[in-house]
Amino acid sequence: MKPLPPELDHPAWLHGMTAFTTVRTCRGEALLWPAHLERLCQTCAFLGLPVPDADLPALEPWPWGLLRVTVGAEGTFWSHRPLTPGPRPAGGVRVRLTDIQVHPQLAAHKTGNYLPYRLAMQRAGDAFEGWLVAPDGTLADGSRTAPLLEIDGGLVVPAGGLPSITRAAFLEGREGSERQVHCSELPTVTRAWICGSGVGIVPVREIAGEDWSVSLPAEWPQTADFTLVWPEG
């Protein structure tokens with residue numbers, strides 16, 4: 001057993017008392033930063049943290065990057081790394097529905113209390129993504145991306161998870177609805193996508209449950225929007 005270093009004896013480390021957002025960058029430009037900042041401000045207000053600094057530093061001009069902005073009691077901090085997720089999964093990705101539940105108060109916020117999402121990713125196994133549920137048995141969120149479903153011909157945002165900036169950008173100008181989606185409805189899904197700063201909008205080819213699975217057509221959105229494409233090249 002080792003003594004806890006003084007610099008770790010702090011709520012940010014002990015309890016995850018931070019708010020953060022991850023922003024895609026392209027050639028040093030932070031994409032969708034105003035929307036990320038607005039969501040970050042809401043989470044900071046909810047947690048009683050300082051208002052985030054809005055001014056970003058000069059960023060490395062990588063083709064693609066991922067900027068993490070973290071707010072704690074001491075202020076706003078940033079880190080920037082190249083975004084290199086590998087070859088584009090042309091045939092879509094496989095997701096697994098897990099039994100991990102989102103936190104009832106924190107699900108709408110991106111905080112340092114991130115354990116449910118890490119556990120869902122572990123439960124995903126060889127799947128690209130693990131989906132989390134709400135206590136009422138509805139689909140809530142993904143471990144690192146946000147789900148978007150097509151049910152009965154309409155685009156549906158499952159209620160109960162983090163408001164995804166990438167998903168909202170994709171839905172701009174498109175008809176869609178937000179509602180609770182019980183997991184028993186998932187076998188009726190006709191198309192699905194996962195959405196996030198790190199991957200853009202990626203089609204799902206299979207949703208796997210405990211004793212069932214559904215195969216879906218993997219249809220990539222026809223877009224050249226830098227916020228939505230798979231980051232390669």
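**Entry 1. Helix 3 and its packing**

I began with helix 3, whose buried residues pack against strand 5 (93–101), strand 6 (129–133) and strand 7 (139–142). I took contact to mean heavy atoms within 4.5 Å. Helices (H or I, at least four residues) and strands (E, at least two) are DSSP runs, numbered from the N terminus. The model is predicted: local features need pLDDT of at least 70, side-chain atom pairs count only at pLDDT 80 or more, and totals for chains, interfaces and linings use all residues. Residues are numbered from 1 along each chain as its sequence is written, and side-chain values use heavy atoms, with hydrogens and water left out.

I then listed the buried residues of helix 3 (residues 115–123) and found Pro 116, Tyr 117 and Ala 120. Viewed down the helix axis, these buried residues fall within an arc of 95 degrees, so they line one face of helix 3. The arc is that of the directions from the helix axis to the C-beta atoms. Throughout, buried means under 20% relative accessible area, exposed over 50%, and partly exposed in between (1.4 Å probe, protein chains only). Just after helix 3, I found Gly 125 with a positive phi of about 65 degrees.

**Entry 2. Positive phi outside glycine**

I looked up Arg 27, where phi is near 55 degrees, a positive value in a residue other than glycine. Arg 27 sits in the loop between strand 1 (19–26) and strand 2 (29–30), and I noted that it is exposed, with a relative accessible area of 56%.

Asp 152, also not a glycine, has a positive phi of about 55 degrees. I placed Asp 152 in the loop between strand 8 (146–151) and strand 9 (154–158). Its relative accessibility is 79%, and Asp 152 therefore counts as exposed.

I turned to Pro 147, which is found in strand 8 and is buried, with a relative accessible area of 0%. Leaving aside neighbours within four places in sequence, I found Pro 147 in contact with residues including Trp 131, Leu 139, Pro 158 and Trp 193.

Not counting residues up to four places away in sequence, Thr 21 touches several residues, among them Trp 33, His 36, Leu 67 and Lys 110. I also noted that Thr 21 and Trp 78 are 57 residues apart in sequence and 9.8 Å apart in space, C-alpha to C-alpha.

**Entry 3. The chain as a whole**

I counted 4 helices and 13 strands in the protein chain. The radius of gyration is 18 Å, close to the 17 Å that the globule rule gives for 233 residues, so the chain is as compact as a globular protein of that length. That radius is taken over C-alpha atoms, and the rule is 2.2 Å times the number of residues to the power 0.38. The C-alpha trace spans about 50 × 40 × 35 Å along its principal axes.

Of the 233 residues, I recorded 49% as buried. Among contacts with a separation of 6 or more, 62% come from residues 24 or more positions apart.
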